[in-house]
Amino acid sequence: MTDTTTFLAYLPSPPQGVWYLGPIALRAYALCIIVGIVVAIVWGDRRWVARGGEKGTVLDIAVWAVPFGLIGGRLYHVATDWQKYFGDGADPIDALKIWEGGLGIWGAVAFGAVGAWIGCRRRGIPLPAFGDALAPAILLAQAIGRLGNWFNQELYGRETTLPWGLEIYERRNDAGQVSPGLIDGVSTGQVASIVHPTFLYELLWNVLIVVLLVVVDRRFRIGHGRLFALYVAGYSLGRFWIELMRTDAATQIAGIRINSFTSAIVFALGVAYFVFARKGREAPEELRPARARPAAAEDGAKPEDAAKPEDAAKPEDAAKPEDAAKPTAADEKAAAQPVDEVGKAKNRDH
């Protein structure tokens with residue numbers, strides 16, 4: 001009988017994740033992150049302008065958000081996988097080698113938000129509205145970045161016989177070492193294992209949530225940071241169940257991966273913000289830099305300082321008929337003067 005397993009079309013892994021142009025190393029992981037950032041900036045800027053913001057704002061704020069995000073992502077990864085860098089036989093210097101992979105999305109989002117907050121304050125625009133405009137674009141960037149894990153043969157799940165199982169190859173580097181975990185190695189063609197492509201599951205989940213965010217935003221005009229909260233909750237929900245399928249080494253608490261705890265906590269916070277935050281959407285003029293907003297007057301008078309309807313002349317303030325009949329002080333003085341004096345005054349007038 002023919003072995004049916006020979007007909008399974010497993011997904012292949014790339015033969016390598018690093019290419020060299022002389023001394024310059026082109027790393028697929030870094031390229032995927034860069035492409036994701038560019039896509040997020042371009043699409044995010046279009047969404048920001050469509051909401052009433054100023055073109056180019058996203059790029060200006062990205063100058064702050066991206067470096068903060070990369071630092072935060074690396075710090076979270078190192079903190080949650082500290083044995084890899086500070087355990088027995090580990091080299092702490094490897095913690096600085098961000099090009100070899102290892103960015104924690106939670107740290108990237110948290111620190112990136114700090115950078116965005118700084119940029120928004122400098123521009124004079126509201127951070128929650130900025131987050132809403134960028135939410136779908138950020139998640140799409142995360143999906144693109146997951147392709148870097150595919151090239152690195154990392155973050156995969158347990159073994160499987162499903163048709164879409166991922167082939168993990170043995171790789172050999174220049175030093176002659178052979179292992180499936182060699183990021184700078186080249187495939188030997190030998191399949192080490194067939195595993196769940198959890199990077200692909202997360203990629204597809206991210207794209208699904210991106211579509212959901214766009215539809216919800218258009219239909220309900222979400223604002224005040226609620227769309228960003230929906231992005232956080234949606235991503236966390238998918239990451240929770242995907243994390244349960246992974247088998248790579250990770251810090252655990254009570255036998256559960258720490259990222260599962262983080263996903264659950266962040267999901268709850270995202271849902272709470274979405275429910276209790278202010279409803280509606282910001283007015284377009286609120287998204288423009290403070291310097292570009294129309295002022296009530298050049299001296300900075302606020303709209304509330306302008307004349308109010310109740311300040312207008314009231315009917316009771318108008319002259320009353322009985323007031324017109326009353327003699328004035330001048331009239332009484334003139335009446336008291338002798339007639340001849342009045343006549344002289346008239347002659348002088350002529």
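What follows is a friendly conversation about a predicted model.

Colleague: Let's start with the whole chain. What does its secondary structure come to, and what share of the residues is buried?

Modeller: In this predicted model, the chain has 11 helices and 7 strands. Of its 350 residues, 38% are buried.

Colleague: Why is Gly148 called buried?

Modeller: Its relative accessibility is 0%, and buried means under 20%, so Gly148 qualifies. Gly148 sits in helix α5, residues 127–152. Setting aside neighbours within four places in sequence, Gly148 is in contact with Tyr29, Cys32 and Glu154.

Colleague: And why does Asp45 count as buried, given that it has a relative accessible area of 10%?

Modeller: The limit is under 20%, and 10% falls below that, so Asp45 is buried. Asp45 belongs to helix α1, residues 28–50. Not counting residues up to four places away in sequence, the residues that Asp45 touches include Glu54, Lys55 and Thr57.

Colleague: Val38 is in helix α1 too. What makes Val38 partly exposed?

Modeller: Val38 has 46% relative accessibility. Buried is under 20% and exposed is over 50%, so 46% lies in between and Val38 is partly exposed.

Colleague: Now the inside. What makes a group of residues a nonpolar core, and how many residues has the largest one?

Modeller: The members must be buried residues of the nonpolar kinds, joined through side-chain atoms within 4.5 Å. The largest such core has 17 residues, and Leu139, Ile209 and Tyr235 are among those with the most contacts inside it. Helices α4, α5, α6 and α7 each supply at least two of its residues, and α6 gives the most, with 5. A second, separate core of 15 residues includes Ile61, Cys120, Phe130 and Ala137. In soluble globular proteins, nonpolar side chains tend to be buried together.

Colleague: How do you know that Leu139 is in contact with residues beyond its neighbours in sequence?

Modeller: Contact means heavy atoms within 4.5 Å. With neighbours within four places left aside, Leu139 is in contact with Asn206, Ile209, Val210, Leu213, Tyr231 and Tyr235.

Colleague: Why is the pair Arg47 and Asp217 called a salt bridge?

Modeller: The N to O distance between their side chains is 2.9 Å, and the cut-off is within 4 Å, so the pair qualifies. Arg47 lies in helix α1 and Asp217 in helix α6, so this bridge ties together parts that are 170 residues apart in sequence. Both residues are buried.

Colleague: What other partner has Asp217, and what makes that pair a salt bridge?

Modeller: Arg281 is a partner of Asp217, with the closest N and O atoms 2.6 Å apart. Because the limit is within 4 Å, this pair counts too. Arg281 lies in the loop between α8 and α9, 64 residues from Asp217. With a relative accessible area of 22%, Arg281 is partly exposed, whereas Asp217, at 5%, is buried.

Colleague: What makes these residues a network?

Modeller: Salt bridges that share partners join Arg47, Arg51, Asp217 and Arg281 into one network. The whole structure has 11 salt bridges.

Notes. Residues are numbered from 1 along each chain as its sequence is written. This is a predicted model: local features need pLDDT of at least 70, side-chain atom pairs count only at pLDDT 80 or more; totals for chains, interfaces and linings use all residues. Side-chain values use heavy atoms; hydrogens and water are left out. Helices (H or I, at least four residues) and strands (E, at least two) are DSSP runs, numbered from the N terminus. Buried means under 20% relative accessible area, exposed over 50%, partly exposed in between (1.4 Å probe, protein chains only).
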